[in-house]
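Let's walk through this structure together, one step at a time.

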Amino acid sequence: MATPASSRHVDAAERGRRDRRTTRVAVYLFMTLLAVVFLYPVVLMVLTAFKPTPEIFRNPFGLPESWSLDTFRTVWTRAKFGLYLRNSLLITGGSAVLLLLTAAPAAYALARYSFRLRGVLFLFFLAGIMIPIRLGILPLYLLMRDLGLLDTPFSLILTYAASGMPMSVFLLSVFFRNLPRELEDAARIDGCNEVQIFWRIMLPLVRPGLAAVVIVNVVPWWNDFFFPLLFIQSDTWKTIPLGMQIFFGQHLVNWSLVFSGMVLASLPLLIIYLLMSRQFIAGLTAGAVKG
Amino acid sequence: MLHARRWWRRHWHLFVFLTPALVVYGAFMAYPLLSSLTYSVYEWDGFIRRGFNGLANFVTVLTRWPYNERFWGAMSHNVIFFLVTFAIQTTLGLFVAVQLAKKWRGFAFFQAAYFLPYTLSLVVVGFLWLMLLNPTWGAIAQGLRGLGLGDLVQPWLGQRSTALMTVILVNAWGWLGFPILVYLAAVQAIPAEFHEAARVDGASPLQDFVYVTFPLLLPSIAMVTILTFIWDFNAFELVFVMQGASGSPNYATDLLATFFYRTAFGDPTTGGEPGQIGVASAIGVMMLVIIGVVSAFGVRFTQRSQTEY
């Protein structure tokens, strides 16, 4: 008597399991397909970079016949890649240092002291959070020209630090606000003045915030093409994106050189990303979600 | 005097803390953005400012050919750019984030894969796809021919009917990792009890998404949408790299930013006229107003729908 009911029950459970397995396979299939769409062009870029131009045209998809680094060497010397790399490092690094040195104390003051102008100043900093600095490019260009900063790294460093200010002040003030008051009071009793309290006690405690600020900003700075295009004319201070854009334009028919150049240009961030993708993603998420 | 000195002794540290940021931010961000507003109401001779011009620059952009045609063309391209990107990231991107949140085996790899193109410079993204999409030698054309689908090969970037959409899709390839990342973080921030409660009440996975996950994701979706809007209304690099400063073919991919760039700094591709700061500033001010209004509106919406767990 009980048999039909219980077997029907087993059937339903079995069907449910099978359905779930089908969904699982479908999801995996879809995610793999999407991964191919995102990854394959990058893989193809790396493989192609090792091939001489005729081989690219003859055999676009296979592995390269030899893994020679010759074209990379050509790009490195002929495109002055080493120089651009140094410039990009100096400019991105300089911007990060300037931004941290200016935004952290400001965020600290706005987060932990009450004074009459606090609300107004906080709003002033916050007002820029949604406005891209590019829209002020003409006055900025003339300002840089009048200050004699065009064609120097300082034009880019100052622009980048200024454009990162709203988000960084906001993000760091959140971090500073969460520190306990007792720390500050204890240091004050020990005879520290306000600047010492900030520098020696509070700043080291918001290191995750500082890291998030750097990570959020470094990728767009490193990859920026717009401001170097307008501010930098001579080769001396070209960054990787600008230098490469010009190099690619000149060698558009030599695919081998262009692909090697693309790989070289992408390598620094790719390496950092592959080595520390977890910190990278955590920092970006902190910036995006808190912002 | 004594009063002032005591005030200073009690407040000097605030000046030490705030002055550097105020100088950098004030001089190199606030000042340029604010004075770009005034640039648009003057007549300019190269980089030299002449007399007050009222709204003449705006009238030029909106009514005089070819500015008016370029302006509305670029504007419509920017709108399409944003709408298509928005559609992709709030369907595909959201779906992928909800899947990734299940944390099945291998999903960490998928997440890293989807995000990887975001780390590439747009210069590299542009040139890479320029090569891949080349109708003669590009990998896509060769692949299609190898599969016997050679008829499908088209000069995707060279014809008016497909150029803009191709650029938008290339941009989405390099961008989608970011919305996925933010949505994933937002999905993971939803407490598990909410989903359990829904399941106890007999909700199917789809109902769980519609009635639990989606409403709680609305603030993140709004925020990413605003960021995307701002970014898309400033898009410049990809078109400049792939299609040139005038958005070839025949302005089919021209955007507000490339139009602004040509007007401000002259157009090297056509050897055209020298830069016109006043007219360019008028374009810039209109971009600023659009972005300002939309982001202010969006920020208010985000704040109102903010959830605390």
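Start with the charges of chain A: the mean positions of its 26 positive and 15 negative charges lie 5 Å apart. Here Lys and Arg count as positive and Asp and Glu as negative, while His and the chain ends are not counted; each charge is placed at NZ of Lys, CZ of Arg, CG of Asp or CD of Glu.

Before going on, note that this is a predicted model, in which local features need pLDDT of at least 70, side-chain atom pairs count only at pLDDT 80 or more, and totals for chains, interfaces and linings use all residues. Residues are numbered from 1 along each chain as its sequence is written, chains are lettered from A and ligands numbered from 1 in the order in which they are written, and side-chain values use heavy atoms, leaving out hydrogens and water.

Now trace the fold. Chain A has 14 helices and zero strands; helices (H or I, at least four residues) and strands (E, at least two) are DSSP runs, numbered from the N terminus. The C-alpha atoms of chain A fill a box of roughly 80 × 70 × 35 Å along the principal axes.

Next, look inside. Of the 291 residues in chain A, 52% are buried, where buried means under 20% relative accessible area, exposed over 50%, and partly exposed in between (1.4 Å probe, protein chains only). Find A:Ser95 in helix 4 (residues 81-112) of chain A. Why does A:Ser95 count as buried? Because its relative accessibility is 0%. Leaving aside neighbours within four places in sequence, A:Ser95 is in contact (heavy atoms within 4.5 Å) with A:Leu156, A:Ile157, A:Tyr160, A:Ala161 and A:Trp221.

Finally, turn to the salt bridges, each a side-chain nitrogen of Lys or Arg within 4 Å of a carboxyl oxygen of Asp or Glu. Over all chains, the count comes to 15. One of them joins A:Arg58 to A:Glu65, with the closest N and O atoms 3.3 Å apart. A:Arg58 counts as exposed because its relative accessibility is 55%, and A:Glu65 is exposed too, at 57%.

Which residue of chain A does B:Glu237 meet in a salt bridge? The partner is A:Arg134, at 2.6 Å from N to O. This pair crosses between chains: B:Glu237 sits in helix 11 (residues 237-243) of chain B, and A:Arg134 in the loop between helix 5 (118-127) and helix 6 (137-146) of chain A. Both B:Glu237 and A:Arg134 are buried.
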